[in-house]
Amino acid sequence: MPTPNNPNVASRHPLTLATAALAGVGLALGGLATSAHADDYPDSAVEFIVPWAPGGGSDVLMRLMSNHIEPHLGQPMPVINMPGVSGTTGLADLADRDNDGYTVGQVHDGFMVSHHTGLTEYNWDNYAPIAAITASPQYVTVSADSPWETFEEFVEYAQDNPGEIRFGVTLGGVPHIHGAMIEEAEDLSFRYVGFEGTGERIRALVGGHIDAAMGDIASSLQFVENDDLRFLAVGHTERMEQTPDVPTFAELGYDNLNLSILRGLIAPLGTPEDRIEVLAAAIEAMAAEEEFVTRVNNAGAEVQFMGTDEYRDHLETLDATIERLAGNLQQ
């Protein structure tokens, strides 16, 4: 009897060719069915894990996104708040979800700080980046009564008086890494004072308990307009519309000081690329929506869309910076 590899088998059993042909048609139809199923994505709601409590900056901005994305995605994206341990609890949950594109999460720079300071084993590369959507540019902020009218004067004083400037941050958080980046840029040394959140440290600055802090539009602009505080420089790619007289760090010669809290979306590792593309395309379309942009601006942030590849590159570069400076945060 001929072996299965014998070429004479086909001629002896003409039904074999027909069976193979039918099998091929079946495979082709199966492929079309799979393709059609992929094209239907998403056919139900996509859960959106925001790893912070309701009412905070991330929650406010991501709820704006949730409210605007459905026309572009074709399905709702309801926010699921999962606060805890500096935003790491919800993202640990996300890592264990099915990688089918029906669960995504919000992340910002603080997650990498948490990883490199030992707060969580997870890092950005344990997930599939989708896109960045909003940025909250950070300002070096001082009292209006301080002797520093410009960032250059602030740097000169810090160089002449190492360790004297009391700099308010969230210890081990994004403001702390931003302070460390400024220190590294000019070989400075601040005396860090820790606060739980932005509002608390800005109130301390207004009260004269510290000399400088990282602030933002939402927390600090009203105090600047009331002549209680002064912005010296902003960590954004261009001058902000609300503060046209405040120079960017890039204008001042610091190309690497892009001090902004960038919020983006990630999915469980292994989420199919075509589904990542669908999500990124919906976010990009939403980012061009005038009403969405206005509402984000009113919340004190900027729409800053980055596609998947650009966002992945950003996360990789920022992670290297945070890893390099993380030891300074634990001293």
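# Reading a predicted protein model

Q: Where in the chain is the place of Pro 42?
A: Pro 42 sits in the loop that runs between α2 (14-39) and β1 (47-50). Please keep in mind throughout that this is a predicted model.

Q: Is Pro 42 buried or exposed?
A: A residue counts as buried when its relative accessible area is under 20%. Pro 42 has a relative accessible area of 7%, so it is buried.

Q: Which residues is Pro 42 in contact with, leaving aside its neighbours within four places in sequence?
A: The contacts of Pro 42, with those neighbours left aside, are Leu 73, Gln 75, Tyr 102 and Val 278.

Q: What kind of peptide bond joins Tyr 41 and Pro 42?
A: As a general idea, most peptide bonds are trans. The bond between Tyr 41 and Pro 42 is cis, with omega at about -10°.

Q: What is the phi of Val 85, and where is the place of this residue?
A: Again the general idea comes first: most residues other than glycine have a negative phi. Val 85 is not a glycine, yet its phi is positive, at about 50°. The residue belongs to the loop between β2 (79-81) and α4 (88-95). Its relative accessible area is 48%, and therefore Val 85 counts as partly exposed.

Q: What is the phi of Asp 187, and is this residue buried or exposed?
A: Asp 187, a residue other than glycine, has a positive phi near 55°. Asp 187 is found in the loop between α7 (174-186) and β7 (191-194). The cut-off for an exposed residue is a relative accessible area over 50%. Asp 187 has 70%, so it is exposed.

Q: How is a contact between the helices α7 and α12 to be read?
A: One begins with the axes. Those of α7 and helix α12 (residues 308-329) come within 10 Å and cross at roughly 95°. Angles from 65 to 115 degrees count as roughly perpendicular. α7 is therefore roughly perpendicular to α12. On the α7 side, the contact is made by His 176, Ile 177, Ala 180, Met 181 and Glu 184, and on the α12 side by Thr 321, Ile 322, Arg 324, Leu 325 and Leu 329. By class, the residues of this contact of α7 with α12 are 6 nonpolar, 2 polar and 2 charged.

Q: At what angle do the axes of α8 and α9 cross?
A: Helix α8 (residues 198-206) and helix α9 (residues 217-225) have axes that come within 10 Å and cross at roughly 20°. Because of this angle, α8 is roughly parallel to α9. The crossing in which α8 passes α9 is right-handed.

Q: Which residues of α8 and α9 meet?
A: Thr 198, Ile 202 and Val 206 in α8 meet Ser 219, Ser 220 and Phe 223 in α9. The contact of α8 with α9 comprises 3 nonpolar and 3 polar residues, and no charged ones.

Q: In which strand is Thr 141 found, and what does its side chain lie next to?
A: Thr 141 belongs to strand β5 (residues 139-143). Its relative accessibility is 0%, so Thr 141 counts as buried. A polar atom of the side chain of Thr 141 lies 3.2 Å from the backbone oxygen of Tyr 139.

Q: What is the C-alpha separation of Leu 64 and Arg 295?
A: These two residues are 231 residues apart along the chain, while their C-alpha atoms are separated by 7.5 Å. Leu 64 is in helix α3 (residues 57-73). With a relative accessible area of 14%, Leu 64 is buried. Leaving aside neighbours within four places in sequence, the contacts of Leu 64 are Phe 292, Arg 295, Val 296 and Ala 299.

Q: How many helices and strands does the protein chain have, and what share of its residues is buried?
A: The protein chain has 12 helices and 11 strands. Of its 331 residues, 46% count as buried. Among contacts between residues at least 6 apart in sequence, 75% join residues at least 24 apart.

Key
Residues are numbered from 1 along each chain as its sequence is written. This is a predicted model: local features need pLDDT of at least 70, side-chain atom pairs count only at pLDDT 80 or more; totals for chains, interfaces and linings use all residues. Side-chain values use heavy atoms; hydrogens and water are left out. Axes are lines fitted to C-alpha atoms, for helices over the stretch in contact, and angles run from 0 to 180 degrees between N-to-C directions. Helices (H or I, at least four residues) and strands (E, at least two) are DSSP runs, numbered from the N terminus. Angles under 35 degrees count as roughly parallel, over 145 as roughly antiparallel, 65 to 115 as roughly perpendicular and the rest as oblique. A crossing is left-handed if the near helix is turned anticlockwise from the far one by less than a right angle, and right-handed if clockwise. Contact means heavy atoms within 4.5 Å. Ala, Val, Leu, Ile, Met, Phe, Trp, Tyr, Cys and Pro count as nonpolar, Asp, Glu, Lys and Arg as charged, and the others, Gly among them, as polar. Buried means under 20% relative accessible area, exposed over 50%, partly exposed in between (1.4 Å probe, protein chains only). A polar contact is a pair of N or O atoms within 3.5 Å; within protein, one must be able to donate a hydrogen and the other to accept it, and residues adjacent in sequence count only if both atoms are side-chain atoms.
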